[in-house]
Amino acid sequence: LCHRCWLKFEQARLIACFISALAESWRTLLPGEMSNPRVCVIGAGAAGLTTIKQLKDQGITSIECFEKEGDLGGVFNYGKDKNGVYDNAVLTISNYLMAFSDMPPKGHRFHWHHTEYKDYLLQYAHAFGLAKHVSLSTRVLSVEGGPGRWHVVVEDADGKVVDKGLYDAVAVCSGAHQAVNQPTFHGMDSFKGTIMHSSAYKNNANFIGKDCVCVGLGESGADVVREISDVARSTVLAMRSFPYLIPRLARPFHENPLGCSSDAFTSHLRHDLLIVPISHYRKLKHFLNRIMCTLAALLFLLFPSLGRGTKPPTKDAFNQDSAAGFIDKDTRYSPLAAKLIYTFCDLSGQQERGQKFACKNVMFVENVVKGKIATNVSGIKCLEADFVVFNDGSKVRCECLVMCTGYRDEFAFLKGQIGSTGLPLSVPEGNVRRLYKHIFHPDIGESMAWIGFVRPSTGGIPACAEMAARYFALVLAGERT
């Protein structure tokens, strides 16, 4: 009798344990109730690393990150035969705005060389124990499923296809430099010269003594056209419109009293005063914000010494002589350079429409002034065997056509549909700006986030990635909705 009682007691206890475990498993699958969700992070660049850190800060430890390269750092992993940074790449944004808030840099404000920023990311990963969550040389082949149940398949470092099973959430941190945006022109098949995208550019050694045309002017394009024009026989900068230019050293740049990066003064002051029309403000709080910005601008106008130290630095933000009057890296002030910058800004239409990303690099200006770079803003009409023909009817001899035309967002690993909705698992219209806060898909919710794709008009991506990652982590932890 006692033996039977003991068996019934044990059966009851086991059933109770099973029901409790089953209830707990269901509880962890409910939105906002995931105690320690299993999270897949795709990419271990700046965005991926801060995502791991923010998840850990919220007590989420079941994190697996997959990085296709052999080291941390994403696009900052330099390689002679791979897409990424070029030999002389210097970050457009200064170190204090490229760093994360939980590990600020030390010393003065300056612009990191790409190798220095890579070192910073490695130090960041070491300081917070992030590398243990990362599988290197591992490519994500597919992500399928629906909200809260994402099936992930990868190819590991040995080339084996591995089914990683189901994840509660996925953070897409693959970066904005995966697929090149390369335009096509009539006559490309008959063009005898070389056509390349700037993603393959490393240095100007292959352009010595050649006739070159560089298409497009972003921040990397400004570096590329400057370097090529230093050694080429002729260089033409082909654009469809004028860029809005911001020198990277503090203004007024004919004085440069601080020797400081101009992004130290980036704020909503200029945005509110000069770009956005009053009609844009539909709420009282927005209008009051504009008034406060105006008062702040007047304060700096009346007291220009605010924020300056008693001893100006001897080196500027590119570690050049601060007394030499540089307006950018290896670019000195001259009246013609200043006039050219102001003219480009006026013709850009930014003041009236405010729709352009600013180009925070004016290195190329010096060679325009010297006549080493000719500009054409009519756009390319077609290519001939040895020439580039522009829409204004002019044409120039060309041996090398360099496309500085940026990248497009591509997520080839997203497969199938969103659960049973019938909707494709993809970014709406192929544009991350169609996502909620540029992070969440409206038909998926909080279990999948795109992090590292928010970009301010005149700031850096890492700070925005950190804030997006923190929001994602807080939502998964049930601290935000």
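In what order do the four strands of the open sheet stand, and what is the sense of their pairing? I began my entries on this predicted model with that point.

**Entry 1**

I read the order as 6-5-4-20, and I noted that the pairing is mixed. Strand 6 (161–167) and strand 20 (414–418) are the edge strands; each has a single partner strand, so one side of each is left without a neighbour in the sheet. I recorded an average twist of 15° from one strand to the next.

I then looked at one pair within this sheet. Strand 4 (residues 139–146) and strand 5 (residues 149–155) are joined by seven bridges and run antiparallel. I located E144 opposite H151 of strand 5.

**Entry 2**

Strand 1 pairs in the parallel sense with strand 7 (residues 169–172) through four bridges. Within strand 7, I found A171 as the bridge partner of V41. Strand 1 also pairs with strand 2 (residues 63–66), again parallel and over four bridges. There, I42 faces F66 of strand 2. I followed the chain from strand 1 through helix 2 (residues 46–57) to strand 2 and recorded a right-handed β-α-β unit.

**Entry 3: the nonpolar cores**

Which residues have the most contacts inside the largest nonpolar core? I listed L245, F364, I451 and F472, in a core of 79 residues. Helix 11 (residues 461–476) contributes the most to this core, with eight residues.

Leaving aside residues up to four places away in sequence, I451 touches A47, T51, A171, V172, C173, A465, A468, A469 and F472. Another core, of 23 residues, lies apart from the largest one; C40, V172, L414 and V432 are among its members.

**Entry 4: the chain as a whole**

The chain has 11 helices and 21 strands. It comprises 481 residues, of which 44% count as buried. The accessible surface comes to about 24,400 Å², and carbon and sulfur atoms account for 56% of that area. Among contacts with a separation of 6 or more, I noted that 63% join residues 24 or more positions apart.

Terms used
Residues are numbered from 1 along each chain as its sequence is written. This is a predicted model: local features need pLDDT of at least 70, side-chain atom pairs count only at pLDDT 80 or more; totals for chains, interfaces and linings use all residues. Side-chain values use heavy atoms; hydrogens and water are left out. Two strands pair if DSSP finds at least two bridges between them. A crossover is right-handed if, with the strands pointing away from the viewer, the path from the first strand over the helix to the second runs clockwise. Buried means under 20% relative accessible area, exposed over 50%, partly exposed in between (1.4 Å probe, protein chains only). Contact means heavy atoms within 4.5 Å. Accessible areas come from the Shrake-Rupley method with a 1.4 Å probe; for residues, only the protein chains shown count as cover. A nonpolar core is a set of buried Ala, Val, Leu, Ile, Met, Phe, Trp, Tyr and Cys residues joined through side-chain atoms within 4.5 Å. Axes are lines fitted to C-alpha atoms, for helices over the stretch in contact, and angles run from 0 to 180 degrees between N-to-C directions.
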